[in-house]
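Please look through the model below before reading my comments.

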Amino acid sequence: MPLLLLDLDNTLLDRAGAFVGWAKGFLAEIGAPLADLDWLIAIDADGLTDRWDVADAIRDRYRLRIPSIDLVDELTEGLVERLSLDPLVACALRIADDAGWVPVVVTNGASRQQDIKIRRTGLDQYVADWVISEDAGVSKPNPRIFALAAQRVRMRLQGAWVIGDSPEADIGGAAAMGLPSVWLHRGRTWVESRFRPTRIAEGVIPALATVLASAGAARYA
């Protein structure tokens, strides 16, 4: 039974869409123009910017008196409330499981926030386990976090695939371990020259289909 090492944000769950939903509501709430949406998206940087830095930038731009900690809480809760597990993604995970694959989430981020996302969306019912960088004490692309994921389910990394949207964290991590990978392009072009994904897909469902098909072809080669 091989491992499927899956990213969380913008792979299994549409974090980008949830952030846009929160940002639109927030701008309307404070009476700011919708045109500022692009600025908020840029400041967030797909979740790579620290939440406190995002909160401070918002306070400064709109001269808000609300404490940064309240903005951080609002952003965190607002995102979680807007996240949902696509039933088709759940179905694809179940198909992979039935085919003998063991899906494990490997995600960077704060433990409480990422754990809530997994549990509240019901994703926990479709994966064998998950590893969060804050708990693990190590972040992707460091191979140690992937090794910890394998240990959690008492499996070896041999034969595993990595699926994710981050060139550095996901595909870079896979390359460091010599594992095959699928990069979710999300409308982007691959520009990294140090390594390349084994496959490229638009989303996690075609990525899972690609892995299952590749494994099946290898089995009968």
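The points below go from the whole protein to single residues.

1. Basis of the note. This is a predicted model, in which local features need pLDDT of at least 70 and side-chain atom pairs count only at pLDDT 80 or more, while totals for chains, interfaces and linings use all residues. Residues are numbered from 1 along each chain as its sequence is written, and side-chain values use heavy atoms, with hydrogens and water left out.

2. Overall size. Along the principal axes, the C-alpha atoms fill a box of roughly 65 × 35 × 30 Å.

3. Secondary structure. The protein has 10 helices and 6 strands. Both are DSSP runs numbered from the N terminus, with at least four residues (H or I) for a helix and at least two (E) for a strand.

4. Of the 221 residues, 48% count as buried; buried means under 20% relative accessible area, exposed over 50%, and partly exposed in between, with a 1.4 Å probe and protein chains only. Contact means heavy atoms within 4.5 Å. Among contacts between residues at least 6 apart in sequence, 59% join residues at least 24 apart.

5. Charges. There are 24 positive and 30 negative side chains, and the centres of the two sets lie 4 Å apart. Lys and Arg count as positive and Asp and Glu as negative, leaving out His and the chain ends. Each charge is placed at NZ of Lys, CZ of Arg, CG of Asp or CD of Glu.

6. Strands β4 and β5. How do strand β4 and β5 run where bridges join them? They run parallel, with 3 bridges between β4 (residues 161-164) and β5; two strands pair if DSSP finds at least two bridges between them. Ile 163 stands opposite Val 182 in β5. From strand β5 (residues 181-184), Val 182 and Leu 184 point one way and Ser 181 and Trp 183 the other, and all are buried.

7. Val 131. This residue is found in strand β3 (residues 129-132). Val 131 counts as buried because its relative accessibility is 5%. Leaving aside residues up to four places away in sequence, Val 131 touches several others, among them Val 105, Thr 107, Ile 145 and Arg 152. The C-alpha atoms of Val 131 and Pro 180 are separated by 20 Å, and the two residues are 49 apart along the chain.

8. Ser 68. Helix α4 (residues 68-82) contains Ser 68. With a relative accessible area of 13%, Ser 68 is buried. Beyond residues up to four places away in sequence, Ser 68 touches Trp 52, Ala 55, Asp 56 and Arg 59.

9. Backbone points to check. Most residues other than glycine have a negative phi, and most peptide bonds are trans. Ala 45 has a positive phi of about 55 degrees and is found in the loop between α2 (37-44) and α3 (51-62). Arg 186, with a positive phi near 50 degrees, lies in the loop between β5 and β6 (199-201). Ala 45 is partly exposed at 31% relative accessible area, and Arg 186 is partly exposed at 31%. A cis peptide bond, with omega about 15 degrees, joins Lys 140 and Pro 141. Pro 141 is found in the loop between α7 (133-136) and α8 (143-152).
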